[in-house]
Amino acid sequence: MRALRRDRGFLVGAAIALLMILVAATAPLLAAAAGQDYTTYHDNLLDSARGGVPLGRLGGISGDHWLGLEPGTGRDLFARVVYGAQVSLGVAVGATILEVLIGLLVGTAAGLGGRWADGILTRLVDLVLALPILVIAISLLAIVPQDWPRPLLLATVIAVLGWGGTARITRGETLTLRTRDYVAAARLSGAGWFRIARREILPGLTAPVLTYAALLLPTNMVVEAGLSFLGVGVRPPTPSWGQMLSTATTWFRADPMYVIIPGGLLFLTLLSFVLVANGLRRALDPRQSEVLR
Amino acid sequence: MIGYLARRLGGAVLVLFGLSLLLYGLFYLAPSDPAVLTCGKGCTPERLAEVRHAMGVDDPVFTQYRHFLEGIVAGRDYPAGPNTRHCPAPCLGYSFETDQPVTALLADRLPVSASLAFGAEVLSLVAGIGAGLLAGLRRYRWLDRVVNGLVLAGYAVPVFLVGLLLLLLFCVQLQWLPFPTYVPLTTDPLAWAQNLLLPWVALAVIQTAAYARLTRAGIQETLAEDHIRTARAYGLPESRIVRRRALRGALLPLVTLTAIDLAAIMTSAVLTETMFGLPGVGQLLVGAVNQIDLPVVVGVTLLTGLLIVIANAVADLLYAAVDPRVELR
């Protein structure tokens, strides 16, 4: 803990990350405070002679529209960006939690199970790790019905394809933990496998799994942004940063601010989470003090 | 060695088998009927049945899948009106959308993705090893910091964001480079490289940081070893020590990483190609997915799966080749 308090990168990262989480959590309030919502078109503020680029400097930034307008539609960018934070962070956090749950389950089962269970589960993990995640996720997301709840679906798909790493780490740690004397003592006093897993193994897994999960979170955010960028993410009009950047590919010549605002926020958020993950790793896992693995 | 290769091959076939089965199952469960899309508006039930038969989607899913597997191994015949048309051995079927053989489509698009992946890999290897070497020798402290920062940033920035910013800077603001369009290497090598430069850089940023970090760590680790001290005591010139001894040890992990990364780049090229509008395999996939073009989706997925499996095997073999301590099991 003391090491974390002295880690400047961690502190800055944690501050920005917390701010972003706050923004995502209070998106409706923030949009209301700005007096805007993310669906209303403001055609009158667009320059129709230039194909719908916002009027005014810097993408139409004004007292009414704090971050300007979306080119083409004139929707308020501030409202879209804060709601976009909700999607990006929500999906990434959801996917990470699911991945950790699946990974812990499979990893401890493999580590504590017999040779057969371990063999089969390890094969399964290898298979999952070898999957071309992005390619399969695109196919999956394109064929499920459009009216299913999209963010939930995104989180599930990312998690189902991405739990391999957590499972591998969990298995490895479990294999070393199970040889400890206190585990043997628990077994001798008649504890069942489930009780051993929960009471003896799980506490020992906290540090390695937590550090790994902290790094998974920004990775999942990148995946979500990528999927939204490719058009298989959340459905319009729900905004997400990746989806905005995808629209921006056709507008960046006329309206660079439309790239810079969602892109900058995405980068800042990702960077802050990576800094947090890096700080956690250094504090909790002193064996590997090297930057990121 | 032979046994190892056989086991590896068996595993690879199993992975690809599982992948194709997964996709077939999913598309079969999918609510949209590709035949309806192909048949178009004003489709009569008789015509629809004909189309379904021609596309081979009127059979139960397991029969379809069996036909698909047979097609890969031995080729297969498709009903086309009164005649049949033959699709030779590694047959992945015909695109529902364009009616071209999937293998031809893939062969058409692969050079683009390969150009992208190779260029980016070469660029990141050169830049990464160079920066890592300088940082590792502690010649430039600031470089060490830059590498560290890049590693963190590289982990955090998605390819398409780098791509967008590069386009914004070099094509719009400075106007130094044209907007990327693919020119085949054989047509005009200079135009090929010029057009692919930005996509290469966008892809390379992240890898460069990773390679630089690895090289730096490797160099520092090897320089601390006993045999280096011995070499210094013998009075060998420092440049020779670095080149012949330290670098060699430091680059070992890079060998395997390169093979794996090449395949990874090909997969993540979905984003780069879409971003820059390059007609590669990734773009083919995105288009096919939106049109529910099952044969193309399965074809692309199998191809990327195959590439990853091959890359992993090559990485293992290379590792055993460069490091005599490693034994293949």
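Helices (H or I, at least four residues) and strands (E, at least two) are DSSP runs, numbered from the N terminus. This is a predicted model, where local features need pLDDT of at least 70, side-chain atom pairs count only at pLDDT 80 or more, and totals for chains, interfaces and linings use all residues. Residues are numbered from 1 along each chain as its sequence is written, while chains are lettered from A and ligands numbered from 1 in the order in which they are written.

**View 1. Chain A has 12 helices and 2 strands.** The C-alpha trace of chain A spans about 80 × 45 × 30 Å along its principal axes. In an unreviewed UniProt entry, residues 85-277 of chain A are listed as "domain: ABC transmembrane type-1"; UniProt positions are given here in the numbering used for this model, feature names are shortened, and annotations may be inferred rather than shown by experiment. That span is 82% helix and 0% strand, with its end C-alpha atoms 19 Å apart.

**View 2. Two of the spans in chain A that UniProt annotates as "transmembrane region" (unreviewed entry) are 124-145 and 201-223.** Residues 124-145 of chain A are 82% helix and 0% strand, and their end C-alpha atoms lie 28 Å apart. Over residues 201-223 of chain A, you'll find 100% helix and 0% strand, with 31 Å between the end C-alpha atoms.

**View 3. Here's where the two chains meet, with 36 residues from chain A and 43 residues from chain B in the contact.** Two residues count as in contact if their C-beta atoms, placed from the backbone, lie within 7 Å. On the chain A side, the elements giving two or more residues are α5 (115-130), α6 (133-143), α10 (193-229), α11 (241-251) and α12 (257-284). The largest share of that side, 9 residues, comes from α12(A). Sorted by class, the side of chain A that touches chain B has 29 nonpolar, 5 polar and 2 charged residues. For these classes, Ala, Val, Leu, Ile, Met, Phe, Trp, Tyr, Cys and Pro count as nonpolar, Asp, Glu, Lys and Arg as charged, and the others, Gly among them, as polar.

**View 4. Chain B also comes as 12 helices and 2 strands.** Its elements run α-α-α-α-β-β-α-α-α-α-α-α-α-α from the N terminus on. Along its principal axes, the C-alpha trace of chain B spans about 85 × 55 × 35 Å. The "transmembrane region" spans that UniProt lists for chain B (unreviewed entry) include 149-176 and 296-322. Residues 149-176 of chain B are 82% helix and 0% strand, with end C-alpha atoms 27 Å apart. Residues 296-322 of chain B are 100% helix and 0% strand, and there the end C-alpha atoms lie 38 Å apart.

**View 5. Helix α5(B) bends by about 35° at R109(B).** The bend is the angle between axes fitted to the seven residues ending at a residue and the seven starting there. A proline, P111(B), follows within four residues.

**View 6. In chain B, helix α11 (residues 281-290) and helix α12 (residues 294-322) have axes that come within 9 Å and cross at roughly 145°.** Axes are lines fitted to C-alpha atoms, for helices over the stretch in contact, and angles run from 0 to 180 degrees between N-to-C directions. From α11(B), residues V281(B), L284(B), L285(B), A288(B) and V289(B) meet V296(B), V297(B), V300(B) and L303(B) in α12(B). By class, this contact has 9 nonpolar, no polar and no charged residues.
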